[in-house]
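Dear colleague,

Please find below the structure that I am handing over to you. My notes on what was found in it follow directly after it.

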Amino acid sequence: MNDKIGIVLIQGAGLGSFIWDDLKPLIKNPVLTIEFPNREVGDKANVNLTFDDYKKTAIEQIEKWGIDNFVIVTHSIGGCVGLSLTDYFAKKVVGFVGISSAIPTSGNSFISCLPFPQSLLMPLILNLFGTKPPQKAIEQTLCNDLTSEQTSEIIKRFTPEAKLLYTTKVNYKNIDFIKLYIKLTNDKGFPVQLQDKMIKI
């Protein structure tokens, strides 16, 4: 058994574990990057997935990892997935870090974190247009401060998610661990005022 505290990294929607590649070598503790289902295999691959499919995928990867205690580090909608794991791994989670993360109160979804009227319109937008934004929107929100090479990689590898990842209510009771929120002041997809709201939850 490894007695070092592990770090579980969970990225935001559309992204894969590759976004953590430059960070992982800088972390001295054991690191696990959670891979969401069906990365880079086509625009319709995740259409029928449920939120529980994302949760189960993460659980399987963590259990296979075999680390006794770990901190969950999340970005954006990864906060919802991360929170859903805290009860299942109540005896193992020793900390939770949100990096510009969505932190819905228990019993609410990612959409509940958005301001009005965006929270009202988002389900309609998802139903009409799916979960893959136009390339220009991806460039302006996810890639606004990235290099051209990094932007090209994000555009090429962006994977549409299941609609239920956005709309399913997340339930959790276990919050008996150290919590930290890292605010990103140049995040165009999840602006500072939304992050300030998340910090207060």
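In these notes, a residue is called buried when its relative accessible area is under 20%, exposed when it is over 50%, and partly exposed in between (1.4 Å probe, protein chains only). The model is predicted: local features need pLDDT of at least 70, side-chain atom pairs count only at pLDDT 80 or more, and totals for chains, interfaces and linings use all residues. Residues are numbered from 1 along each chain as its sequence is written, and side-chain values use heavy atoms, with hydrogens and water left out. Helices (H or I, at least four residues) and strands (E, at least two) are DSSP runs, numbered from the N terminus.

Salt bridges

A salt bridge here is a side-chain nitrogen of Lys or Arg within 4 Å of a carboxyl oxygen of Asp or Glu. The whole structure contains 6 salt bridges by this search. One of them joins glutamate 153 to arginine 157, with the closest N and O atoms 2.7 Å apart. These two residues are 4 residues apart in helix 5, so about one helical turn separates them. Glutamate 153 is partly exposed, at 34% relative accessible area. Glutamate 40 is partly exposed with a relative accessible area of 43%, and arginine 157 is partly exposed at 24%. Through shared partners, Glu40, Glu153 and Arg157 form one network of salt bridges.

A further salt bridge links the side chains of aspartate 21 and lysine 24 (3.8 Å, N to O). Aspartate 21 is partly exposed, at 39% relative accessibility, and lysine 24 is partly exposed as well, at 31%.

Is glutamate 161 buried or exposed? Its relative accessibility is 4%, so glutamate 161 counts as buried. Glutamate 161 is located in the loop between helix 5 (148-157) and helix 6 (164-167). Its side chain makes a polar contact with that of arginine 39, at 2.7 Å. A polar contact is a pair of N or O atoms within 3.5 Å; within protein, one must be able to donate a hydrogen and the other to accept it, and residues adjacent in sequence count only if both atoms are side-chain atoms.

Strand 4 and its partners

Strand 4 (residues 93-101) is mostly covered, with 8 of its 9 residues buried. Two strands pair if DSSP finds at least two bridges between them. Strand 3 (residues 70-76) runs parallel to strand 4 and is joined to it by 7 bridges; phenylalanine 70 stands opposite valine 93 of strand 4. From strand 3 the chain passes through helix 2 (residues 78-85) to strand 4, in a right-handed β-α-β crossover. Right-handed means that, with the strands pointing away from the viewer, the path from the first strand over the helix to the second runs clockwise. Strand 4 also pairs with strand 5 (residues 178-182), again in the parallel sense, over 5 bridges. Glycine 95 has isoleucine 178 of strand 5 as its bridge partner.

In the loop between helix 2 and strand 4 lies threonine 86, which is buried at a relative accessible area of 0%. The C-alpha atoms of threonine 86 and aspartate 176 are 9.4 Å apart, although 90 residues separate the two along the chain.

Backbone features

Most residues other than glycine have a negative phi, and most peptide bonds are trans. Serine 76, in strand 3, has a positive phi near 55 degrees and is buried at 16% relative accessible area. Asparagine 38, in the loop between strand 2 and helix 1, has a positive phi of about 55 degrees; asparagine 38 is partly exposed at 31%. A cis peptide bond, with omega of about 5 degrees, joins phenylalanine 116 and proline 117. Proline 117 is in the loop between strand 4 and helix 3.

Leucine 128

Leucine 128 belongs to helix 3 (residues 118-129). With 58% relative accessibility, leucine 128 counts as exposed.

With kind regards
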